[in-house]
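Thanks, everyone. Let me put the model up, and then we'll go through it piece by piece.

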Amino acid sequence: MGLGMGINLLLLLAMVATNILSLYHLSSSLQNNKPPPTSPPVPDHLLHQLNTIRATINHLTHLRSTSTATATATGTATATSKPSVPSDLLLYAHISPIASACHDHPELLHRFMNYTPFSLCPFDSHLSEALILRGCHPLPRRRCFSPTPPSKPSSSSLSSHDPFPSSLPDSTVSWSSYSSSSCKSFQCLLTKFDGFDMKIESTKFLNTKSELDLSIPQLLQIAKSSASVLRLALDVGAGTGTFAARMKLYNVTVLSTTMNLGAPYSEAIAVRGLVPLHFPLNQRFPIFDGVVDLVRCSHAVNRWIPTTSMEFLFYDVDRVLRGGGYLWLDHFFSKGLDLEKIYMPLIGKLGYKTVKWATGNKTDTSGLKNGEVYLTALLQKPLMK
């Protein structure tokens, strides 16, 4: 604090000296009744003094900024100094979509913003998701109208309250938005993408085939035995929303996060009478603190997510979970060695009670090649930490 005041005093004295020299030079010129046709050159000694003072001011200004930054870093900054940005916030801004990364992708942003104002927005959902996944969200397109399907779905196709309809109506999707896909119907998607065959989806979460599975009846029984109530849940990486559809039959409201990535996952969730939340895994959940009874992380949450982003994800799960709420990691997969050295300590930082913990080998081609394992865990947040 003493150093800062001393520098400020020297700066003040240097400025006063500069002003006195300037006034002296001006007054000496005004004393002549007949000014010469051309201004006389400034004396060399005066120029030298002015340059010395100017260099001193620059040096003191540099010292002042250096001392302020040092004081801020060591926690001794004065009340008037500007605090530095927290490093955690800077790190989060680089990996999370809070619109801070839009300027990093000018080519994509220019293509996305190349539209005719006050008309229909282009059918280019692939561009919007490319920007979202790179941290440019919310999107800046504001002066065009969202396109809708050319025909209205029939009332009979939407009137059923069954979240497992025999088929999904094609008229609910603007298929032109999926130019990268050759499919223009839900029937076409059955053989190319998982989650669109309602016959298969209707059998999920009812029974268990191994220790890695957790059925919804088991989940409800666990909650009941601990005197917990499941009313509101969040499904992270929900696909077509089958978990939310099954829980709906038990009067549990589930919000489903999804990205379309070439197929109408969000539209399929909405057709089933459920709520799709369209944002990536590294975005802060648009949910208030401590109000959710259950958060399920599907197999979309796995080792492909950078470790720092996954840590932010887990802490945001903790933010929205109420005390006594559950975190369900459903078939999380990673390399076997990484599970022990990276992910178990990461999960352990939460300090949750372990209700279920089961591991098993991932036996598909990728799992065998990379030595991957599955983890299914049900963890309960303590009431007080």
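Which elements do the buried residues of α5 pack against? Keep in mind that this is a predicted model. The partners are α4 (106–113) and β3 (275–278). Helix α5 itself covers residues 125–133. Its buried residues are L127, S128, E129, A130, L131 and I132. Just after α5 comes G135, with a positive phi of about 95°.

Next, the nonpolar cores. The largest has 30 residues. L234, F285, V295, L327, L329 and F332 touch the most other members. Elements giving two or more residues to this core are β1 (232–236), β4 (292–297), α12 (307–320), β5 (321–335), α13 (336–348) and β7 (372–380). Helix α12 gives the most, with 5 residues.

Look at L327. Leave aside its neighbours within four places in sequence. L327 then contacts V295, C297, V317, L321, L350, Y352, A377, L378 and L379.

There is also a second, separate core, of 20 residues. Among them are L214, L219, V254 and L274.

Last stop: R246, in helix α10 (residues 242–248). R246 is buried, yet has no salt bridge. What is the nearest side chain of opposite charge? That is D162, 7.4 Å away. A polar atom of the R246 side chain does lie 2.7 Å from the backbone oxygen of S202. Beyond its neighbours within four places in sequence, R246 is in contact with F164, S202, K204, F205, L206 and I216.

That's the tour. Over to you.

Definitions and conventions. Residues are numbered from 1 along each chain as its sequence is written. This is a predicted model: local features need pLDDT of at least 70, side-chain atom pairs count only at pLDDT 80 or more; totals for chains, interfaces and linings use all residues. Side-chain values use heavy atoms; hydrogens and water are left out. A nonpolar core is a set of buried Ala, Val, Leu, Ile, Met, Phe, Trp, Tyr and Cys residues joined through side-chain atoms within 4.5 Å. Buried means under 20% relative accessible area, exposed over 50%, partly exposed in between (1.4 Å probe, protein chains only). Helices (H or I, at least four residues) and strands (E, at least two) are DSSP runs, numbered from the N terminus. Contact means heavy atoms within 4.5 Å. Lys and Arg count as positive and Asp and Glu as negative; His and the chain ends are not counted. A salt bridge is a side-chain nitrogen of Lys or Arg within 4 Å of a carboxyl oxygen of Asp or Glu. A polar contact is a pair of N or O atoms within 3.5 Å; within protein, one must be able to donate a hydrogen and the other to accept it, and residues adjacent in sequence count only if both atoms are side-chain atoms.
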